[in-house]
Every structure is written in structure tokens, then in C-alpha cells.
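Student: I have a model open and would like to go through it with you. Could we take it one question at a time?

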Amino acid sequence: MHYLEKELNELIQFWDEEPEALRTLRSGAFKQYKEVGLPNRKWEGWQFTDFSALEKTSYRLASPGDPPPVPETLPTIANCNRILIINGHFQENLSVLPDKVTVQTLQHAYATNPEIFNKAVVNNSNPFHNLNTALMNSGLAIIVGDNAVIDNPIHILYYTTGLTEPIMNHPLFLIVAGADSETTIIEHYAGSTNVQYWQNVVTNIKLSNNAVLNHVRIQEEDLNGNHIADTAYTLEKDAQLNAFHFASGSSLYRQNIQVNLASSGASSTVNGLCLAKDRQHLDQQIIINHLKENCSSNQLFKYILSDNSAGVFNGRVIVSEGAQKTDAQQTIRNLLLTDKAMAHSSPQLEIYADDVKCSHGSTTGQLDKNAIFYMRSRGIDVRTAQLLLISGFAKEVMETITNTNIDTYIDEKLTTWLEHIGVTL
Amino acid sequence: MLEIKDLHVKVEDKDILKGINLTVHPGELHAIMGRNGSGKSTLANAIVGRDSYEITSGDILYNGTSIVAESPEERALAGIFMSFQYPVVIPGINNTYFLKAALNAKRKYQGKTELDAVEFLKLIREKLAAVEMDEKFLHRAVNDGFSGGEKKRNEILQMVTLEPALAILDETDSGLDIDALKIVAAGINNYRRDDRAIVIITHYQRILKYLEADYVHVLINGKIAKTGGENLAEQLEDKGYSWLDN
């Protein structure tokens, strides 16, 4: 991973206006990263994923000197405020920002809001997180004001296209939902290119007291992309998080999700749908930290795996001592469509309190042959019956997306995806 | 309409049907009775083409043509329908969507235009009334959370919507309370027409009190042991099956 150090040095030289403290932060984080290197299969929680592909190609940091080509057609979700980022570059003139929401560049956020910034980038056991701190070159701070009720979702579209050489971006998103605010934020990664690229994203989301946040993360990178992400939510008193993680893109995907229920009465629902084909490897780890009493957490993750793809889901719910009256549920369902597709999932519970309600479960199965026959006996052909059954499996989790425009968008993605997959079981 | 000739069927390497002969003409209602394990459901599943039912010899003709090499969907499109003994739950697929997909597959096969959502809803409301089902069933996933009786009524709803020429009703009466039984029986009676045939498979004589069966067949150990009229069902109710053994 020699190229990373070279890129860091060039970045520090190039951004010579950066405050000394920020440079120190970068160098410190890189040192942390170098001590352990990239995760390997001996690491607890990382054993099913091979990151060596990131070492085989030298990625150059996308730099401000790159002219960002703006494609004529971009993925659109109806009735949204849009924040557009192309190849790592924020397109302010093409972005439509709502009132009561402050959007800042990272430099600006660092200057005006160092507290939020520093909390988000503290050293972390995840080497990708440290690498992001060292190399962060993209991203925004998005601050939703107290009491703000934002009707239309804020759609952050991070699009990668028109590459001529392999690039990487290390975006950092800092999102704060103010007290008593209500917002929907879509964090959307997509791409279209013949050249390999690597996204290493950190998203840090804080929900203040009584805030309601719907966070929809859509990862539909080009198959030439590698997408690594670290998403952390912290919920204050009575805050409510409804998150949905949709992933169908990139050849290598790993996301670490952490939910910290940091004050009483907070509740989180984190659901997800992964669609994998070809040789895609989609890996997610989620840790729910129940730190205080009277909090609830719900998870429903579904993976649909075709061809030679692999899906990994590692879920842990940790109920701290004192987090009484915790209600935690976790469900993982894998659907295998071919005999070469693989699913690894492990739900885990660690409970250090005694008055709690926790459940977890994981299932891996194939399409129900009885259901297929039932449909065929009604005149529906095999392929249609299979696709109906697969979409029925997906719909059960998609129903939890409350915004119909977002649901429609993901439904269209599912329909297109289904048209191109193989089913042999 | 249906002609079964010396049919032998194996399930999981076990001989279940050992030479069935049965002819059903348009307009007729046949009842097939027998104990558990006598081969009643195997016969129904063999007619609709379930793949785990292996036909080792004999033939099934539908309108004069052998159908044993045809897929379940081809048989369905040609007009054969089975009401399932255990209707399958299909999570995530809306009942309306499922019915519409099935009906439009059939309309397409018949060279008719497919119905749009509005046309379909108009049609399905009429059909719902025929089986006294609430519209709320349309919005739920197929058979998901349905009671036993609701599942069976949903089967009859599918039958009256798809309008098959030959309906095989596999223990449609089992698990029904008396009110549901009457509704299902009325649905079947209303469905009868000179150009349609019904084969009802049942354990009990009770649903036959509400239907006029033209023939009653008793299946014992994979063969039709006796054929008679409605009075045969009454005899079975009184005497059981043992007098027919040997």
C-alpha cells in the first residue's frame, strides 16, 4: 500500500493552507493505520472478506485539479433537495439546498465547528476509518437546525464517472439533526465507468434530543468500484432513527455500521436490502450499542445472492450494564438463487443488563418450491414465478421505507436487477 | 374432457397409484373419496403436473390430447385448475397482484388483451362477492395470515376468477366450519356449467350434501374400488371404507 503514503504527502503539500492541527490529525491517523495495515482474515469481524484487491491497483486521490465531467443524465429521485458531488467534487451550482439546513465544506466545518469534527474523526479500531481521516479529500457537513421540519428529502448524490485512471476518494460526511427536527437524508453512491475506483467513506450522524431522522443509504456503484464505508449514528434522548441500507453495486463492498443509543428513550430501526450477482462480495457489520435504559432497536436485513456472489452480515447487539428495559430485535434473511452463491451471517447478542427483551435470528434458504409450483399451477411461467417470489422477499423489507419516491426508486432498481440475474435453484 | 387410462404414479420411489381409469365429461361433477393415503391427492397432483409425481405408466388425456409431458403452467393455461389441500403462503406478494398476474397470463394465452388495474379491480369485486370474501383479502400477501377457511375460500376465488374448464378440488372442504362449508359449496354450485367439469376429492360426505355429484368413486390402495352415485357416499358415511377392502 505504498501509494497511500505518497498520496498523503502530496495532499499535505498541495493543501498547504490547511491548519497545522488538521495536518497533525492526518499524520497521526495515518500512523495508526500503518501500525495495523488493512484487515486480514485473521481479524475478528473481518474474516470473510479479502481486501487485497485494494493493494493490487495504485489509486490516485481525486484532486481539485480534476475537471469534473457532469453527465447529462444522473440518477434522480422525485421531489428531493439535491446535493451533487461528482468524482469527489461538490457541485454547489448544481445543488439545491433547503432552508434551515446548513451545508459546509469540511474546511469550513473544521474552522467553525471543531467539536463535531473532532468527535467524528477520533482514532478508531477500523483501519479504513483512520485512513479516511488521514486522506479525507471530499465530503460535507450537513447541519439541520433545531426544530426544522424538512418536507422533501435531502438527496446527496455522489457520482463517479468518466475516469481515465484509477482514483480514490475518502469522503467524510458529518450530519447533525438538530433537536426536535424531522428530516430525510438520502446518501447515494452511484457510478458509471470502465476504470477501477475506490471510495472509502466515513459518515458520522448525530441525532439530537427528540430528532427524527430517516437515513436512506443507496450504494449502487459501478462494478469497477470498491466501496468501503464506516457509518456511525449517535442518538440522544428520545431521538428516532429510521435507516435503510440498500446495496447492489461495487465488486467489493464493506460497511461497518454502528448505532450508539446514548440516551434514554432513543429508538433505532436499521433495515437493509443487498442484491448481489456476478462475483460481487457484499459485507456489512453492524453493532448496536444499547448504552442507556428504555431504548429500542430493530434490524431486518435481507440479502439476495445470485451467480457466484457472496453476502456477509455480522450483527452484534450489545446491551450495557444499566441499559434496562432494552428492546432489541435482529433478523437476517438470506436468499440463495444459485448453488455457487454464498451467505455468511452471524447474529450475536451480548447482554450485561437483566431486564431486557432481546431476540435475534438468521435464516438462509432458497426459493420455496411449493410456492413456485403454486404459481405455475395458476398459469404463471417459471421465470415469472421466481421473479415474483424474489421481489416478494425483497418487498417485505422495502415496505419499511416510508417515503414513496424513494421506495419507487429502489423498486425500479430491483426490477432492473431481476431482469439480469440467473436463478438455478 | 378428462380421460385417465391405467395410470400408475410413483412418489419418492413408492407406488401410490396402481392403475386408475377415470373419464369425466363436461357438465359432470365427480367425487373421489377414500382414506388418508389411498392416493387421492396423488391423483390430483398428477393431473396438474407436480414434478415430484412420476408417471410410470398409463396416460392422462385432456380434450383428447395427452398432457403428461406438459408443464404445470401449460396445463393451467389449457383450463385445468387445482384447489390446493394446503394453499401455499407467499409472503410479500399481494393477493391482487398474484391474481392479476395469473388472469393476465391466461388472457394472453387466449389471445385476449390483458386487464389493467382498474378493469381487474372491477372484475375481482364481483368475484369476491360470489365467495363472500372481504376486499381486505386482496391487500394482504397471498394466504399470509389467512385462517384455514379463508385460504380455502381464496382457492375458490382463484377458481371463479380464472374460470377453468376442469376444476380439481383437493379436500377443499376439510377444516371448514359449517358456514364456510356452505359458502364454498355455493361457490362450487354457482360455478357449474354444461361446459365445465368438477372433480372433488374429499374424506367426508358432508360437502356432498350441498352438491349434486353425478359419480362417487372410492379410491382404495391406489385403485378405484367402487363407483356409484350419491348414495354410495351415504353408504360410506354409514359403513366406513372397510367393507370395500380386499
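Student: In which loop does A:N294 lie?
Tutor: Helices (H or I, at least four residues) and strands (E, at least two) are DSSP runs, numbered from the N terminus. By that count, A:N294 falls in the loop between strand 16 (281-290) and strand 17 (296-305) of chain A.

Student: What kind of model is this, and how are its residues and chains labelled?
Tutor: Residues are numbered from 1 along each chain as its sequence is written, while chains are lettered from A and ligands numbered from 1 in the order in which they are written. Side-chain values use heavy atoms, with hydrogens and water left out, and this is a predicted model, in which local features need pLDDT of at least 70, side-chain atom pairs count only at pLDDT 80 or more, and totals for chains, interfaces and linings use all residues.

Student: Is A:N294 buried or exposed, or in between?
Tutor: Buried means under 20% relative accessible area, exposed over 50%, and partly exposed in between (1.4 Å probe, protein chains only). A:N294 has a relative accessible area of 45%, so the label is partly exposed.

Student: What is phi of A:N294?
Tutor: A:N294 is not a glycine, and yet its phi is positive. The value is about 60 degrees.

Student: Where does A:D238 lie, and what is its phi?
Tutor: A:D238 sits in the loop between strand 12 (225-235) and strand 13 (240-247) of chain A. With 36% relative accessibility, A:D238 counts as partly exposed. A:D238 is a residue other than glycine with a positive phi, near 60 degrees.

Student: How many helices and strands are there in chain A, and why is it called as compact as a globular protein of its length?
Tutor: Chain A has nine helices and 21 strands. The radius of gyration is taken over C-alpha atoms, and the globule rule is 2.2 Å times the number of residues to the power 0.38. For 425 residues the rule gives 22 Å, so chain A is as compact as a globular protein of that length because its own value is close to this, at 21 Å.

Student: What share of chain A is buried?
Tutor: The C-alpha trace of chain A spans about 70 × 55 × 45 Å along its principal axes. Of its 425 residues, the share that counts as buried is 58%.

Student: And what does chain B come to in helices, strands and buried residues?
Tutor: Chain B has seven helices and 12 strands. Its radius of gyration is 18 Å, close to the 18 Å from the globule rule for 246 residues, so chain B is as compact as a globular protein of that length. Its C-alpha trace spans about 55 × 40 × 35 Å along the principal axes. Buried residues make up 52%.

Student: Which side chain of chain B meets A:R378 in a salt bridge?
Tutor: A salt bridge is a side-chain nitrogen of Lys or Arg within 4 Å of a carboxyl oxygen of Asp or Glu. For A:R378 the N to O distance is 2.8 Å, and the pair crosses between chains, from the loop between helix 7 (369-376) and helix 8 (382-398) of chain A to helix 5 (residues 148-162) of chain B. Both residues are buried, and the partner is B:E155.

Student: Which residue pairs with B:E171?
Tutor: B:E171 is in the loop between strand 9 (166-170) and helix 6 (178-191) of chain B and its partner is in helix 1 of chain B, so the pair ties together parts that are 131 residues apart in sequence. The salt bridge is 3.8 Å, N to O, and the partner is B:K40.

Student: How many salt bridges does the structure hold over all chains?
Tutor: B:K127, B:E163 and B:R196 are linked in a network of salt bridges. Over all chains, the total is 22.
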